[in-house]
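Reader: I'm new to this one. Could you pick out the charged side chains for me and take a close look at where they sit?

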Amino acid sequence: MERKTVFVVGLGMVGIAFIEKLLNLDTAGQYRIVTCGEEMHLAYNRVALTEYFQHRSVEKLYLNSAEWYTQQDPGRFTFYVGEAVTELDTAAYRVTTDHGRVISYDYCVLATGSEATIPPYADTHIPGVFVYRNISDMNRLLAYAEQDTARGKEAVVLGGGLLGLEAAKAVYDLETVGQVTIVHRQVHPLSRQLDAHGGGIVRTRIEALGVTWCGSTSGTALRMDETGALEGLELDDGSVLPCRIAVFAIGITPRDDLARKAGLKCAPRGGIVVDDELRTSAQDVWAIGECASWKENTYGLIAPGIEMADILSFNFTQTQTSMGGFKPRTMNNPDLSTKLKLMGVDVASFGDYFAERRRAASANSEGTPSKPKDASAPRRRHGVATIAENGPVETLTYRDPFAGVYKKYIFNADGKYLLGGMMVGDTSDYIKLVAIVKKKKVLEVPPAQFILGTGGSKDDSGADLDDDTQICSCHNVTKVQIVQCVKHGAQTLADVKTKTKAGTGCGGCMPLVTNIFKAEMKKAGYVVNNNLCPHFTMTRVDLFNVIKIKQLRTMPEVMTSVGVKGDSLGCEICKPAVASVLSSLWNEPIMDPVHHANQETNDRFLANIQRNGTFSVVPRIAAGEITPEKLIVLGQVAKKYGLYTKITGGQRIDMFGAQKPDLPSIWKELIDAGFESGHAYGKALRTVKSCVGTSWCRYGVGDSVTMAVKLEERYKGIRSPHKLKGGISGCVRECAEAQGKDFGLIATDKGWNIFICGNGGTNPRHATLLAADVPPSKAIRIVDRFLMYYIRTADKLTRTSKWLDAMEGGIEKLKRVLLDDELGICEDLEHEMDAIVGTYFDEWRAVVEDPERQKQFRQFVNSDERRAPVEQIVERGQSRPANWPKEFPSARIRESDVPTPKSQWKWRKLAKVQDLMPIDAGATSAAVKYGDSQLAIFHVPRRGYYATQQMCPHKRAFVLEHGIIGDDPKSGTLYVSCPMHKRNFTLTSGDCLNDDAYSILAFDVRMEDEDISLLLPEPNALDAVIGTSKWMVRQATAELFEKGSTGGIEIVGPVDSDDEGMQGANSCGAERPSCVGSKFDW
């Protein structure tokens, strides 16, 4: 069957939503989708533009990863970026792009979006004049704000609606911008979402930030200086606001120019006219999103656009199927409920939130000719609104100006139906109330209870929500979809987000999504207990206390004392956890043989393993302070060893691509220059970031650099349940981002404000104030107590933010413990910190000064040859490994794949016993080279020697020798856990215990005197199956943006690969187990 071509004009949020939905629903494969996006970027989240100002990485805003695009079947989906459609010929069924490309289509979907509205007096060509719409706008604004003419000068944002406050927050956060003023033609902000009381609270919060509010006025003209650059904004009262930057966010205008040029019918106020099925006036052309005008209304919110994408993808695929026909879906009045965090304030409106105002206006305007309806105002969307329109309404309000909370709920006259409402400051009930309005539920409780509550504890698990309750309004995800996602195997929140798209819009639904996910995981039996692992029937916290009280110092001692089976080895969960506890308590060298076997690969080799099996080297640069001489040394070392270099967000320099045998030599050169380990490989203190403080900054209040150096030097090397980061800001301008760190200090005119338990990552959390105006002499002791209490009481792999969230009593409890000494342990915590700080030594130096330890860094113990597992490519002047696809075909490598029968294999001497450095306290390992194949040999105390191939087939990584050796406490089965993504392979059969899509070769081993021999075929026979050159990635991924091509990776596997496995791996919809569950996030 020849596929029909669907051409989508526009690769924005609505365009990509339609494409994804169509790909998902088109199970018959009847369509080929082609799209063009005029921006150079893949589809990204415009709702989160403000976040771009913080991280400056458009990739973090991508709605789908770059890998997602490369994984699509080019026969079904082709995309072009940086290419705009300039002509639409509806008669010839073809489009033309600005690259001269002509594409024929069977169906065309216009998703051209909108552009910022600019008043007649403004021109974005004037230096200093900007709009707030896309990444290009953001980059122009960021670059201009750095110029001398704008640095430290005033900025004006025109517009106090949703977009305006987003823009104002972004501009306010720019440290180079001076005073920020918001100009709005209405009295209060968010006048389309809130009434005067709610808007007044938002205004108060805005002004508390230091932002000037200028309401009930409009701009009329721009003033320029002699160079033509902006220097002021003239208001309608004749006054002039001085400003070097003006950002216009007064509204949006549908982009219908392409449609108008093609002769499509467009609305007088803008927008491509569509019918209930979203058809335009041209045959086989549809329009969706902000460019579409339905019943004289256009919509600037993402939710209506996603609903249009839902409708159209459904109608393309579901009205005629092998299961029969289905009535086409039609457009209904969309839900315009919104919930956002603006200028640091939670704001929400839902249902018919202006029912009271509209009812009064209707009564006052009887007999007056009707005006066009405003699409952003609430109307009869949910049926119940009819009651409000045709009858009286009543409202309940709650206003707390001290806490910044305002709630207004609108009911019908007898209080049986909730019609709508608005919330400021506390929006925790938003999703539940929206569901009540949408479902036209008769209320089961008195209206007053919505304001006053029941007095009982809140259940935030979503258990009281109906299955069809909409949880994510941006992507129309219901509760039952999240529940089913967990039932079908989702193991992480990332899985849920990927499969349902929940939380990938504005992100406001994520707290409830998280709670539903956790509740369903518990129901499914995934959270039965908090035991560390099958080897220990206790939590990490209990184990910490047992080890401390019993003075246990090694893994065998711990296992013998409190393990389920005293002679067990442990596993990939408990070994690193116990190793971390032992380091936190005693800080003995982790390279000592008794500890080395328990470490994850990063700690085992004191460097971060990368996806090609090489390592990154990150020396400590305390507080980011470094001399020119040291910078030169870093450059010389990187150049000598061919290392890719990058400056990290923690004010350090990361050098990637170090080969394992080179690590000791690299460290020696760095140590000779005065560097030491930066512990970037461990669950330990990483960095303490600082601004320049009083050393240089004219705004500095505290000496942030000195404080940061002291804290980093004090806590360096201390192991903890998870990695730790700190930040020190010399004034309230907060340039070091201390409120986004595990601990942060901000200087005030009275001392240091100490913030704790903030973090970035997948779930960013703003730090919480622990103590204010702390004298500098006492600040370090408070941080001592906090860190040691966290190390004592947190579960394994728990960030400080999650630790605090789970703590009974929360921050108030923690204040009583750490500040008021409620438990009488503050002095103990301080002494414990002093003791562990006093044990510090440089782990790199310990290796450099010990030739025996350096032997552990050889690639092969029987050869000096080195083999690179991935081809290197050059990008922006630096060498890096070629891209890997997200999914490799499954690979079950078996003994039968070897062309020579095992009866003809021979014993081959490949290593000496001393090469493995065997000990009684833990497993050891080494890699050997045999022909073109790489093999891993393991010694397990009291069990003997084992051997497997070195390559893990999951990601074609030659790293199994680095893996942790574990055992099943019940069966005693031995396995090696791949350090990359925790695939566990038995040492005897090679079967994968946690993913049957993979298996490896295992070999017989025997020891003769001091020689270790393996039973093997001839080298060429084994090379044909597991040879390095057979399995390495041979070419880089093709340029992603080149004609939408998916690029090419050459993967060469066994000749007799499992056809069934290959087919499953190449299927677009093939289910795959998570690479690693949250419990393995070591």
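Author: Helices here are DSSP runs of H or I with at least four residues, strands are runs of E with at least two, and both are numbered from the N terminus. The model is predicted, so local features need pLDDT of at least 70 and side-chain atom pairs 80 or more, while totals for chains, interfaces and linings use all residues. Residues count from 1 along each chain as its sequence is written, and side-chain values use heavy atoms, leaving out hydrogens and water.

Asp-820 is exposed, at 58% relative accessible area; buried means under 20%, exposed over 50%, and partly exposed is in between (1.4 Å probe, protein chains only).

Now for salt bridges, where a side-chain nitrogen of Lys or Arg is within 4 Å of a carboxyl oxygen of Asp or Glu. The structure has 60 of them. Arg-714, Arg-781, Asp-784, Arg-785, Glu-830 and Asp-834 are even linked as a network.

Arg-553 and Glu-588 make another, with their closest N and O atoms 3.2 Å apart. Arg-553 sits in the loop between α16 (540–550) and α17 (555–562), and Glu-588 in the loop between α18 (574–585) and α19 (593–596), so the pair ties together parts 35 residues apart in sequence. Arg-553 is partly exposed at 32%, and Glu-588 is partly exposed at 26%.

Then there's Lys-902 with Asp-1004, whose closest N and O atoms are 3.1 Å apart. Lys-902 is in the loop between β41 (891–892) and β42 (906–912), and Asp-1004 is in the loop between β52 (1002–1003) and β53, 102 residues away.

Follow the chain into β53 (residues 1005–1008), which pairs antiparallel with β54 (residues 1011–1016) over four bridges; strands pair if DSSP finds at least two bridges between them. Val-1005 has Leu-1014 in β54 as its bridge partner. Two residues lie between the strands of this hairpin, where Asp-1009 takes a positive phi near 55 degrees. Arg-1006 and Glu-1008 also form a salt bridge, at 3.3 Å from N to O. Arg-1006 is partly exposed at 33%, and Glu-1008 is partly exposed at 30%.
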